[in-house]
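Hi everyone, thanks for coming.

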Amino acid sequence: MAENNLSKFAGVYVAMYSAYDEGGKVDQARVRKLARSYVNTGVKGLYVGGSSGEGILQNAEERKRVVEAVLEEVKGELTVIVHVGANSTTESVELARHAEQHGADAISAVPSIYYRLPESAVETHWQHMIDSTWLPFIIYHIPQTTGFQLSAALLGRMAGQEKVIGVKMSGESTFELQQFKEIGGPDFLVFNGPDEQFLAGRIMGADGGIGGTYGVMPELFCALNRLYEQGQREEAQALQVKINRIIKNLLSYPSLYGACKYLLSLRGIETGQPRLPLLPVQSSHHDSLVTLNSEIEELTAQYAGSYGEKS
Ligand SMILES: CC(=O)N[C@H](C=O)[C@@H](O)[C@H](O)[C@H](O)CO
Ligand SMILES: CC(=O)C(=O)O
């Protein structure tokens, strides 16, 4: 099994936003349209219900409706990883079983948040999810938001299980990323989290990336990934710099997701507003986002010429 994991799962994954109607309810038709828009961009798959997907701001029924819509739309065309982490273990297990029943390719989870849990509690939490399905499991490590530091010892114990195939490394240290790869071994997948460091993460051993801003520029991240794989270091670095100007711009709005969702709406893909407490974009920001959208589209067209074909 282990050898196939790398080829089955390595690659670029959009951490997909959720889509709501104008009243803020999960809108399955909109979710499907958004998921469909990523087919043929070159991405390997979708990561559903994570940070960008606002899974922790939704109740279990809403999360299930998002997952069902994505899987009905793109199952078999894109690899779908479902984030099932919820604060209670029971709810996480329920979501894990649901993801399996509906044909997800893998599940993933953050630790339970709010309580400052000892490592043994987080381990138990994850273990219940792992044991509840036959699906591969990917740890979601994002210490700057969860406060949980994944130790080398716990990672080692987790990676030693056949079902635990990888870690999404959203911490900012590429040294730690490299250590995770070393602990997990060559067949253990490490996904780069910080989009701003995609290239750095790949150089230090990441097998791909899962990121929120990929959702508004998937082709650019696929181009970056290909430049890295083809050994075109200077071109890859130049593209990462251009991408980072876009990300820096996106991070200047009241919420990153509000800005990204507005960009999508400019392309005819309506996903509603982010959920409070994540702030919506304000009308005073519309003009600058229209300009940013044109910049992204120009850059995408530029790179489509030389690197846009799916390899
Ligand atoms: C902290 C956080 O949410 N990190 C995300 C995932 O790892 C990234 O995709 C960022 O949203 C992105 O790098 C923009 O800073
Ligand atoms: C960014 C990311 O990976 C997430 O939104 O889950």
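I'll start with the overall fold, then go to one helix, and end at a ligand site.

Quick housekeeping: this is a predicted model, so local features need pLDDT of at least 70, side-chain atom pairs count only at pLDDT 80 or more, and totals for chains, interfaces and linings use all residues. Residues are numbered from 1 along each chain as its sequence is written, while chains are lettered from A and ligands numbered from 1 in the order in which they are written.

Okay, the big picture. The chain has 13 helices and eight strands; those are DSSP runs, H or I of at least four residues for helices and E of at least two for strands, numbered from the N terminus. Its radius of gyration is 18 Å, close to the 19 Å that the globule rule gives for 311 residues, so the chain is as compact as a globular protein of that length. That radius is taken over C-alpha atoms, and the rule is 2.2 Å times the number of residues to the power 0.38. Of the 311 residues, 47% count as buried, meaning 20 or more other C-beta atoms lie within 10 Å of a residue's own, with C-beta atoms placed from the backbone.

Now look at helix H8, residues 174-184, where Leu177, Phe180, Lys181 and Gly184 are buried. They cover an arc of only 95° around the axis, which puts them on the same side of H8; the arc is that of the directions from the helix axis to the C-beta atoms. Helices H7 and H9 are among the elements covering them, along with strands E6 and E7. Just after H8, glycine 185 has a positive phi of about 90°.

So what sits around ligand 2? Ala15, Tyr47, Gly50, Ser51, Ser52, Gly193, Ile210, Gly211 and Gly212, each with its C-beta atom, placed from the backbone, within 6 Å of the ligand.

Two of these deserve a visit. Isoleucine 210 is in strand E8, and UniProt, in an unreviewed entry, places a "binding site" feature there; such annotations may be inferred rather than shown by experiment. With 30 C-beta neighbours inside 10 Å, isoleucine 210 is buried.

Glycine 50 is in the loop between strand E2 and helix H3, and counts as buried with 29 C-beta neighbours inside 10 Å. Glycine 50 and glycine 211 are 161 residues apart along the chain, yet their C-alpha atoms are separated by 9.8 Å.

Definitions and conventions
Buried ≥ 20, exposed ≤ 12 C-beta atoms within 10 Å, placed from the backbone. Contact = placed C-beta atoms within 7 Å.
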